[in-house]
Amino acid sequence: AYLKTQASVRLYQRHQELAEPKSQAIKRPHQEWELDAQGTIPVPGLGGVSLLTIEDVFSHVKVACLACQHKTHANTSDHQLVLRRAFLEFGLPEQISLDHDSVFYDNRCGSPFPTLLHLWLIALGVQVRFIHQPPPAEHAKIERAHQTMTRQAVAGQTFQVVGDLQELLDNRRHF
């Protein structure tokens, strides 16, 4: 209060949302991909595994799925790896929709700056769109894809190395 009376208080910038593309109807493949990390699931022989999944919104193609072992929270490197795998197979999408996970969105401060992953996507020419409603209101397709991949490739299986799980995920996704 004293500093305010002395005019010695610096005004802080108001919170501003990050720039993102306007919402539009999805009319073609690779116009928008949904990317999300599934929470850690127990896998016999491997322990906790988190699946990073990418799905094309228009065609429902499972673009990529990456198994991350011993992680409760996939980091920037994990997300870049799954995206690189998807880019090699399908090329670049026009945009990617993301939730407000801290790897995509600096949710710890009042005026967020883009994260390194966000800047990396922009540098590649891929637009980034954040969901505005919690799943399943938005990102319903990717949430369902988590269930599909878990039930079809992980449930009831035992793996000795994460590479075996990744091979099964890739085979199931291609099937």
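Trainee: At roughly what angle do the axes of helix α2 (residues 76-90) and helix α5 (residues 162-174) cross, and within what distance do they come?

Mentor: Happy to! The axes of α2 and α5 cross at roughly 40 degrees and come within 15 Å. That makes α2 oblique to α5. Here "oblique" is what remains once angles under 35 degrees are called roughly parallel, over 145 roughly antiparallel, and 65 to 115 roughly perpendicular. An axis is a line fitted to C-alpha atoms, for a helix over the stretch in contact, and the angle between N-to-C directions runs from 0 to 180 degrees.

Before we go on, a word on the model itself. It is predicted, so local features need pLDDT of at least 70 and side-chain atom pairs count only at pLDDT 80 or more, while totals for chains, interfaces and linings use all residues. Residues are numbered from 1 along each chain as its sequence is written, and side-chain values use heavy atoms, with hydrogens and water left out.

Contact means heavy atoms within 4.5 Å.

Helix α5 has another neighbour to look at. Helix α4 (residues 140-154) packs on α5 with the axes 10 Å apart and an angle of about 115 degrees, and this crossing is right-handed. From α4, the contact uses Met 149, Gln 152, Ala 153 and Val 154; from α5, it uses Leu 165, Leu 168, Leu 169, Arg 172 and Arg 173. By class, that makes six nonpolar, one polar and two charged residues.

Buried means under 20% relative accessible area, exposed over 50%, and partly exposed in between, using a 1.4 Å probe on protein chains only. Leaving aside neighbours within four places in sequence, His 79 is in contact with Leu 35, Ala 37, Leu 52, Ala 74, Val 103, Phe 104 and Leu 117.

Leu 35 takes us into strand β1. At 0% relative accessibility, Leu 35 is buried. Among the residues it touches are His 79, Val 82 and Leu 83, as well as Ile 96, Ser 97 and Leu 98. The C-alpha atoms of Leu 35 and Asp 56 are 9.1 Å apart, although 21 residues separate the two along the chain.

Strand β1 (residues 32-37) runs parallel to β5 and is joined to it by three bridges; Glu 34 has Ser 97 as its bridge partner. Strand β6 (residues 127-130) also runs parallel to β5, with four bridges, and there Gln 95 stands opposite Gln 127. Two strands pair if DSSP finds at least two bridges between them. In a regular strand the side chains alternate between the two faces of the sheet. In β5 both faces are covered: Gln 95 and Ser 97 are buried on one side, Ile 96 and Leu 98 on the other.

Finally, step back to the whole chain. It has five helices and six strands. These are DSSP runs numbered from the N terminus, with helices (H or I) of at least four residues and strands (E) of at least two. Along the sequence they follow the pattern α-β-β-β-β-α-β-α-β-α-α. Of the 175 residues, 41% are buried.

Terms used:
Left-handed = near helix turned anticlockwise from the far one by under 90°. Nonpolar A, V, L, I, M, F, W, Y, C, P; charged D, E, K, R; others polar.
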